[in-house]
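Please examine the sequence and the structure shown below. The briefing that follows treats the surroundings of the ligand and then the domains.

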Amino acid sequence: MRPNLAIVGATGAVGEIMRQVVAERKIPFTSIKFLASEKSAGKPISFLGKEYRVELIRPEAFIGVDIALSSTPASVSKEISPMAAAKGAIVIDNSSAWRMDPDVPLVVPEVNAHALRSIPKGIIANPNCSTIQMVVALQPLHAFAKIKRVVVSTYQASSGKGAKAVQELESQIKEYSRSGTIPQATVHADRLFGNVLPHDWKPGEDGYSEEEWKMILETRKIMGVPDLQICPTTVRVPVRVCHSESLVVEFYSPISPAQAKEILIKSPGIIVQDDPHGKNVPLALDCEGKDEVFVGRIRTDPTVQHGLALWVVADNLRKGAATNAVQIAQELLRMGIPKAK
Ligand SMILES: NC(=O)c1ccc[n+]([C@@H]2O[C@H](COP(=O)([O-])OP(=O)(O)OC[C@H]3O[C@@H](n4cnc5c(N)ncnc54)[C@H](OP(=O)(O)O)[C@@H]3O)[C@@H](O)[C@H]2O)c1
């Protein structure tokens with residue numbers, strides 16, 4: 001089947017990469033349209049050698065659309081995704097609006113593509129970027145030795161907060177080299193250049209941030225392990241693209257670094273870059289533009305009976321967002337797109 005596609009939020013940081021990934025993967029389509037806010041409506045977009053105009057996101061724009069790849073703020077998705085589904089589109093949504101809804105599958109194809117068998121609301125949620133790369137690495141290890149507990153610290157790129165956040169970091173770098181001062185931030189929680197921000201998201205009453213709770217709850221839902229113990233610390237670093245993560249994982253059964261390496265090498269969507277001397281490790285600058293999750297520094301955690309420590313890097317705009325969404329669309333095309341109710 002060659003579906004009618006819509007890329008919603010097509011002008012954003014994720015939307016731009018979504019367009020690239022749809023083209024790179026040669027997703028078949030009968031028609032394609034690009035939607036965004038009033039600010040962008042009417043602007044030209046070139047795609048596969050043809051000129052298109054950005055259309056305004058509104059319910060009528062979804063008439064005849066089979067698959068909508070959506071990456072707008074959650075507030076926009078809450079309003080527009082049900083309307084798009086009501087017009088017959090299956091929405092693959094990147095925002096946090098629907099992820100924990102029990103009637104919305106939350107999918108990372110390497111881990112739980114089976115969840116696509118039931119799409120009651122016509123909406124499929126793409127998980128949080130930090131969660132996606134973590135579960136791709138954890139799931140195969142969990143299948144071997146059953147995970148008891150995970151301690152994760154993230155080193156998240158500026159682009160995880162959208163196109164304006166990248167512009168802010170770039171202008172801070174320019175201003176610093178021009179005048180030696182760093183202007184106050186308006187997009188990030190504080191000045192990101194020359195800094196590390198562990199408080200980029202509003203903490204909840206328990207001291208954990210929204211991003212940290214997303215990692216806990218989404219991981220449990222995707223992996224189907226409701227009691228999985230996860231302790232995250234999420235941090236923004238002055239990197240343009242690619243999130244890096246330190247994972248410390250405790251298992252119920254024995255698993256050696258050599259076994260973990262062998263398992264991960266054979267697992268889909270993973271590239272193992274593990275050199276015990278530390279010369280070949282996944283680095284944000286090298287992983288940018290790649291679709292896989294990179295795993296390295298696989299070593300024993302000697303503080304528990306069965307433990308491993310890992311370093312995991314992925315492009316947050318690709319596997320953390322656009323690529324994962326397009327992979328979901330590819331799964332739907334393989335399975336036959338269900339009709340939204
Ligand atoms: N960046 C990441 O690494 C990442 C990863 C996973 C998930 N996500 C999620 O994906 C979504 C998009 O993120 P992003 O980083 O691409 O953000 P972004 O760069 O700010 O882009 C947002 C997109 O949504 C549109 N939009 C914004 N406000 C709108 C409104 N009121 N009405 C209609 N359209 C509106 C924008 O259109 P205009 O350009 O016309 O304003 C733009 O196309 C967010 O929910 C984010 O949490 C992002």
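Helices (H or I, at least four residues) and strands (E, at least two) are DSSP runs, numbered from the N terminus. The largest share of the shell around the ligand, three residues, is supplied by H1. This is a predicted model, in which local features need pLDDT of at least 70 and side-chain atom pairs count only at pLDDT 80 or more, while totals for chains, interfaces and linings use all residues. Residues are numbered from 1 along each chain as its sequence is written.

**The shell around the ligand**

- A residue is near a molecule or strand if its C-beta atom, placed from the backbone, lies within 6 Å of it.
- There are 28 residues around the ligand, and those that come nearest are Gly 12, Ser 37, Ser 40, Ser 95 and Gly 162.
- Two or more residues of this shell come from each of helix H1 (13–24), helix H2 (74–86) and helix H9 (318–335).
- By residue class, the shell holds 12 nonpolar residues (Ala, Val, Leu, Ile, Met, Phe, Trp, Tyr, Cys and Pro), one charged residue (Asp, Glu, Lys and Arg) and 15 polar residues (the others, Gly among them).

**The two domains**

- The protein chain is divided into domain 1 (4–127 + 321–335) and domain 2 (130–316), with bounds from an automatic or database domain assignment.
- The ligand lies between domain 1 and domain 2, because both give residues to the shell around it.
- The C-alpha centres of domain 1 and domain 2 are 25 Å apart.

**The contact between the domains**

- The contact (C-beta atoms, placed from the backbone, within 7 Å) takes 14 residues from domain 1 and 19 residues from domain 2.
- On the side of domain 1 that touches domain 2, helix H3 (109–112) and H9 each supply at least two residues.
- The residues of that side of domain 1 comprise seven nonpolar, five polar and two charged.

Terms used
Contact = placed C-beta atoms within 7 Å.
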